[in-house]
Amino acid sequence: MAAAGLAGWRVYTNKNGKNNNVSSQQASESKETKISETPIVWMWSGEKWAPSKTAPTCDSPLAFKQSPTDVTKASAVLYPGQQRSSGYKPHGGFRFTTTDQITVKVPIDAFIVSGSRYIEAGETQYMFFFETSCGLAFRFDHLLTLDAKFQALAEKLPAAKPDDSRTTNFDNPVSFKAGDVVATAVGFSKMDNISFDFGVYDLRQRNTAASSASYSAKHQSELSQAAYGVCWFDMLPTKDAAIVKGLPAADNAAGKTSDYCK
């Protein structure tokens, strides 16, 4: 099995945070994107993340080369690190009022480690996890229409089943550049729910929230995400960060409450 199969994102399993274990599937063989050398991957031990070999130093501060979508089209933002109606969510996301030209892009050079395709509300949804060698990771969920490169990867995943969003590791790591298009439609077209989830994780160290014993105990079953999730607003380009911070909260109940964003 190739090194990417050890990446450990398998423990992220489904979007509700319950652990599962799924066999790895082969990723795309594209010569343009397949990594020729064994990448540094990050593995979950049950207590912490660790690189497969000495990792390079991340840029400081952590920053994306570009935003994952055109934030000027967003109508609201989901705050990461909050309790929502369906459970605790380390990830945030974007909501839109129109389907016109909603494009999701890779925000920083990274390689894909796992993915899922599943059926929810009668529509096939796609989820992908990415890592950088230095330990920055991010995920997209509720992608509806994929770019051809990602559709080819999705076809290597287990067949979509209703409400089964367990992830599968890709055996062959595939790298992507900042700006590469991931999806051209998001959310649920039948329900006119135009949205996608975006979560960011610093695998190098636990976040401030997880320094609390009560927080760690409360989220023990989901520490691989909850203890490493970060507020990604300031990682966006400066102008986009200001726009996002000015958006209304997408979750009416949780509002702008966040364990990460202060």
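**View 1. The largest nonpolar core brings together 47 residues.** A nonpolar core here is a set of buried Ala, Val, Leu, Ile, Met, Phe, Trp, Tyr and Cys residues joined through side-chain atoms within 4.5 Å. Buried means under 20% relative accessible area, exposed over 50%, and partly exposed in between, with a 1.4 Å probe and protein chains only. This is a predicted model, in which local features need pLDDT of at least 70 and side-chain atom pairs count only at pLDDT 80 or more, while totals for chains, interfaces and linings use all residues. Residues are numbered from 1 along each chain as its sequence is written, and side-chain values use heavy atoms, with hydrogens and water left out. Within the core, the members that touch the most others are F128, F130, L143, F150 and W232. Strand 10, residues 136–146, gives the most to this core, with 5 residues. Helices (H or I, at least four residues) and strands (E, at least two) are DSSP runs, numbered from the N terminus. In soluble globular proteins, nonpolar side chains tend to be buried together.

**View 2. L143 and its contacts.** Which residues does L143 contact, leaving aside its neighbours within four places in sequence? They are V104, T124, Q125, Y126, F128, V182, A183, A185, V186 and F196. Contact means heavy atoms within 4.5 Å. Elsewhere, a second, separate core has 16 residues, including I40, W49, L203 and A209.

**View 3. A disulfide joins C58 to C134.** A disulfide is a covalent bond between the sulfur atoms of two cysteines. Here the term is used for a pair of cysteine sulfur atoms within 2.5 Å, and by this rule the count comes to 2. For C58 and C134, the S to S distance is 1.9 Å, and the link is right-handed, with 95° about the S-S bond. C58 sits in the loop between strand 2 (49–51) and strand 3 (76–78), and C134 in the loop between strand 9 (123–131) and strand 10, so the bond ties together parts 76 residues apart in sequence. Both cysteines, C58 and C134, are buried. The loop between strand 2 and strand 3 also holds P61, and the peptide bond from S60 to P61 is cis, with omega near 0°.

**View 4. C231 and C261 form a disulfide.** Their sulfur atoms are 2.0 Å apart, and this link is right-handed, with 100° about the S-S bond. The pair links distant parts of the chain: C231 is in the loop between helix 3 (223–226) and helix 4 (238–246), and C261 is in the segment after helix 4, 30 residues apart. Are these cysteines buried or exposed? C231 counts as partly exposed because its relative accessibility is 24%, whereas C261 is buried, with a relative accessible area of 12%. Numbering the bonded cysteines of the chain in sequence order gives the pairing 1-2, 3-4.

**View 5. The largest pocket holds about 370 Å³ of space.** On a 1 Å grid over the protein atoms alone, a pocket is an open set of points where a 1.4 Å probe fits, with protein on both sides within 12 Å along at least five of seven lines; lining residues have an atom within 4 Å of a point. Grid points are joined across faces, edges and corners, and the volume is the space filled by probe spheres set on the points. The lining has 17 residues, and D202, N207, G229, V230 and C231 lie nearest the centre. By class, this lining has 8 nonpolar, 4 polar and 5 charged residues. Ala, Val, Leu, Ile, Met, Phe, Trp, Tyr, Cys and Pro count as nonpolar, Asp, Glu, Lys and Arg as charged, and the others, Gly among them, as polar.

**View 6. E123 lies in strand 9.** E123 counts as buried because its relative accessibility is 8%. Not counting residues up to four places away in sequence, E123 touches Y118, L144, F188, S189, K190 and M191.

View 7. D163 is exposed, with a relative accessible area of 63%, and D192 counts as exposed at 58% relative accessibility.
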